[in-house]
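Below is a walk through one protein chain, from its overall dimensions down to single residues. Please keep the structure open while reading.

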Amino acid sequence: MSASENSSAAVLELVAPDMAQVDHVIAQRLDSGVPLVAEVARYIISAGGKRLRPVLLLLTCGALGYTGSQRYNLAAVVEFIHTATLLHDDVVDESTLRRGRPTANERFGNPASVLVGDFLYSRAFQMMLSADSMRVMQILADATNVIAEGEVLQLMNMHDASLNEDGYLRVIRSKTAKLFEASARLGPILAGSAPEIETACAHYGQALGTAFQVIDDVLDYDGNSIEMGKNLGDDLREGKATLPLILAMQRGTPEQSRTVREAIETGNVDRLSDIVAIVRDTGALAATRSAAAAEAQRAIDATMQLPDNAYRTAMVALASQLLDRRT
């Protein structure tokens with residue numbers, strides 16, 4: 001194992017007993033009188049994945065000493081919300097591969113994927129009621145709304161080669177980082193922590209989620225399709241102006257910038273190898289990784305306000321090892 005893999009394994013081992021309880025809640029709450037609902041939901045959830053959002057909630061609970069069972073329920077809630085967004089994303093993006101196997105829309109069709117995504121959203125809101133906390137409801141309702149806005153923003157930005165770095169960050173902080181932020185914020189809310197601790201955890205989650213998405217966008221031009229479990233070049237095919245492409249257009253020659261711009265505007269991946277070369281040669285990949293590193297450091301800095309224990313150490317390790325991920 002690499003140092004990064006060892007670090008990731010240690011983080012997951014710390015919360016493994018808690019995650020087993022979360023999985024139990026997930027299995028119970030996926031139960032439905034409509035067989036197709038459970039079949040589609042189990043299909044996408046059983047595909048694996050890092051489960052970073054529930055892990056984040058469990059780590060902040062551990063760091064702040066909260067041991068109540070509501071952490072299992074809310075960890076399942078954030079996983080359901082995340083899974084619903086994946087189901088809807090794959091339909092919108094017309095994706096065919098996720099985590100190394102056919103997407104749910106490819107396997108069951110678009111209507112089933114959309115409707116089961118709706119079921120997971122509504123089940124999540126049923127479940128969060130048991131926390132009996134308006135603050136929890138507010139955080140999760142606001143997060144779900146912001147995520148939806150981020151999805152629409154991304155749709156509006158498709159094939160727009162004029163998108164700048166600020167516009168890109170606005171999308172990913174809404175679409176991806178917001179649920180990370182909410183997951184991290186729920187720990188201190190459950191623990192009854194001081195407002196400054198809640199804010200620190202929220203900053204950690206937002207920065208971690210931003211770094212996660214930035215690295216994900218790097219891997220679309222510097223990854224391995226087998227390792228990643230998705231098709232390389234999908235972002236370009238969908239006309240997404242991600243940070244590697246934005247920086248490549250800024251740093252490249254007029255001809256290089258024109259090549260990237262035309263690819264974004266048309267979604268044509270015939271010149272994907274040329275685009276990859278441009279992104280590398282202009283230093284855009286390295287600059288994008290540096291941007292992710294800055295976000296990861298922001299996350300690490302935020303943890304310094306939390307108690308010094310194994311869970312805080314794991315939160316630091318999680319932020320550090322994200323930069324080396326290949327999947």
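Leu140 touches Leu74, Val77, Val78, Ile81, Phe125, Met128 and Leu186, leaving aside residues up to four places away in sequence. The model in which these contacts are found is a predicted one. Leu140 is also, with Leu74 and Tyr204, one of the residues with the most contacts inside the largest nonpolar core, a set of 73 residues. Helix α4, residues 70-93, gives the most to this core, with 11 residues. Apart from it lies another core, of 30 residues, which includes Leu219, Leu243, Ala248 and Met249. In soluble globular proteins, nonpolar side chains tend to be buried together.

Along the principal axes, the C-alpha trace spans about 60 × 45 × 40 Å. Of the 327 residues, 55% are buried. The chain exposes about 13700 Å², and carbon and sulfur atoms supply 51% of that area. Among contacts between residues at least 6 apart in sequence, 78% join residues at least 24 apart.

An α-helix has 3.6 residues a turn, so residues three or four places apart point the same way.

Backbone angles on either side of α7 deserve a look. Most residues other than glycine have a negative phi. Asp132, in the loop between α6 (110-128) and α7 (134-157), has a positive phi near 50°. Asp132 counts as exposed, at 71% relative accessibility. After α7 comes His159, whose phi is positive as well, near 65°. Another case is Glu94, which is not a glycine and has a positive phi of about 55°. Glu94 is found in the loop between α4 and β1 (97-98), and its relative accessible area of 66% makes it exposed.

Which of its residues are buried? They are Ser257, Thr259, Val260, Ala263 and Ile264. These residues cover an arc of only 160° around the axis, which puts them on the same side of α14. The face turned away from that buried side carries the exposed residues Pro254, Glu255 and Thr266. Cover for the buried residues of α14 comes from elements including α12 (234-237), α13 (243-251) and α15 (272-281). Just after α14, Gly267 takes a positive phi of about 70°.

Two further buried residues give points of reference elsewhere in the chain. Thr288 is found in helix α16, residues 284-303. Is Thr288 buried or exposed? At 0% relative accessibility, it counts as buried. Not counting residues up to four places away in sequence, Thr288 touches Val214, Val218, Leu243, Pro244 and Leu247.

Val55 lies in helix α3, residues 52-63. Its relative accessible area is 1%, and Val55 is therefore buried, the cut-off being under 20%. Val55 touches Val11, Leu12, Val15, Met19 and Lys50, with residues up to four places away in sequence not counted. How far apart are the C-alpha atoms of Val55 and Leu247? They are separated by 32 Å, and the two residues are 192 residues apart along the chain. Leu247 is one of the residues that Thr288 touches.

Conventions. Residues numbered from 1 in each chain as written. Predicted model: local features only at pLDDT ≥ 70, side-chain atom pairs only at ≥ 80, totals over all residues. Heavy atoms only, no water. Buried < 20%, exposed > 50% of the residue type's maximum accessible area, 1.4 Å probe, protein only. Helix = DSSP H or I, 4+ residues; strand = E, 2+ residues; numbered from the N terminus. Arc of directions from axis to C-beta. Contact = heavy atoms within 4.5 Å. Areas by Shrake-Rupley, 256 points an atom, 1.4 Å probe, with all protein chains shown as cover. Core = buried A, V, L, I, M, F, W, Y, C linked by side-chain atoms within 4.5 Å.
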